[in-house]
Amino acid sequence: MHNGTSLTQFIIEEQRRIPGATGDFTSLLNDIVTACKVIANAVSKGGLIGILGTAGSENVQGETQKKLDVIANDVLVRSMEWTGHLAAMASEEMEDVYRIPGRYPRGKYLLLFDPLDGSSNIDVNVSVGTIFSVLRCPEGVDEPAVEHFLQPGTEQVCAGYAIYGPSTMLVLTTGHGVNGFTLDREIGEFVLTHPDMQVPAETSEFAINVSNERFWEAPVQRYVRECLQGEEGPRGRNFNMRWVASMVAEVHRILTRGGIFMYPWDRRDPSKPGRLRLMYEANPMAMIVEQAGGAASTGRARILEVRPTELHQRVPVVLGSREEVERVVRYHREHDRARARGGSPVEGAPV
Ligand code: AHG
Ligand code: MN
Ligand code: MN
């Protein structure tokens, strides 16, 4: 028997603090948690059950799907569709909104997810995760369509991720801070191990895919150049760098020991306003990071206030320790002001 607070106990106690709560949301969370345990189990078995490698298909964004992308998506859909808590679902791996089959009751929430984040890491046995975001279905809508999902991140009721690393953890916010739970496999429960997670304000660690450096905008190039100059540069101190290529792992590191993570706009394909997806990657992570005292921006706007126009819309992401994010935002502002005074515009750059 463990001595800590289980995730089940934690969310029921949270529910008791909300007058008039029906328990619907508590059950919804429990169902998401169960799905994450099933995915964790599959991820940990890996090659033993033949689930590594590609599925031989592409998702709506033209990316090759891994077998585990498809399996994780299926687990979430099958675990959530029958519960009666959801009005509809949307996922990185499904082009359209997933309607709840007619044989099941409908609920009042919308669920969005990235079933497996960092899937390029599956075959090399590096941490991957699941990211999710819960919205309310607008009043009076029985059959939600894309437009009903297009709510800004400030409207999220809950956001979280599971990270399948050396240990499996679930990190969650319902808008009252961020709590981290570790899966105790012997008893099958997530146990509260990281209460009230906070992003340390100061940091000397940055995360960005530097192989894209030549395609970045000037303010991002400036920020990274100054970090690389270390003690001899304008920052007057040395920086460390990490790049896992799983956003969940980067955000988890930042929640644990601080830092800044950037996947900025770049010139490789000017039609894409970023790499990461707003609705099920950037928004939930932005809510978590803000709730832990950090900041999350596109470089020019608060991520949570971006007005979504498409389900699979991409967005530039700069998140982590507040002071560093504010510095990157300032560099964008200075750059845009200089440009407005007559400098040369960057073609295709987001404004
Ligand atoms: P996904 O596996 O869900 O497509 O997401 C991968 C994302 C994100 O987790 C990571 O930060 C980034 O893509 C990695 O991109 P690079 O391959 O350009 O490093
Ligand atoms: Mn992802
Ligand atoms: Mn994914």
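A polar contact is a pair of N or O atoms within 3.5 Å; within protein, one must be able to donate a hydrogen and the other to accept it, and residues adjacent in sequence count only if both atoms are side-chain atoms. The model is predicted, with local features needing pLDDT of at least 70, side-chain atom pairs counting only at pLDDT 80 or more, and totals for chains, interfaces and linings using all residues. Residues are numbered from 1 along each chain as its sequence is written, chains are lettered from A and ligands numbered from 1 in the order in which they are written, and side-chain values use heavy atoms, with hydrogens and water left out.

**View 1. Surroundings of ligand 1.** Ligand 1 is surrounded by 17 residues, the closest being D117, G118, S119, M247 and Y263; a residue is included if one of its heavy atoms lies within 4 Å. A polar backbone atom of L116 is 3.3 Å from an oxygen atom of the ligand. In the side chain of D117, an N or O atom is 2.7 Å from a ligand oxygen atom. For Y263, the distance from a polar side-chain atom to an oxygen atom of ligand 1 is 2.5 Å.

**View 2. Helices α2 and α3.** Helices are DSSP runs (H or I, at least four residues), numbered from the N terminus. The axes of α2 (residues 24–45) and α3 (residues 67–80) come within 9 Å and cross at roughly 150°; axes are lines fitted to C-alpha atoms over the stretch in contact, with angles from 0 to 180 degrees between N-to-C directions. The two helices are therefore roughly antiparallel (angle over 145 degrees). The crossing is right-handed, that is, the near helix is turned clockwise from the far one by less than a right angle. L28, D31, I32, A35, V38, I39, A42 and V43 of α2 meet L68, A72, V75, L76, S79 and M80 of α3 (contact means heavy atoms within 4.5 Å). These residues comprise twelve nonpolar, one polar and one charged.

**View 3. Helices α5 and α8.** The axes of α5 (residues 218–229) and α8 (residues 322–340) come within 8 Å and cross at roughly 135°. α5 and α8 are therefore oblique to each other, and their crossing is right-handed. A218, P219, V220, R222, Y223 and E226 of α5 make the contact with E324, R327, V328, Y331, H332, E334 and H335 of α8.

**View 4. Q221 in helix α5.** Leaving aside neighbours within four places in sequence, Q221 is in contact with E213, R214 and W216. Q221 and Y331 are 110 residues apart in sequence, with 9.9 Å between their C-alpha atoms.

How values were computed:
Angles under 35 degrees count as roughly parallel, over 145 as roughly antiparallel, 65 to 115 as roughly perpendicular and the rest as oblique. Ala, Val, Leu, Ile, Met, Phe, Trp, Tyr, Cys and Pro count as nonpolar, Asp, Glu, Lys and Arg as charged, and the others, Gly among them, as polar.
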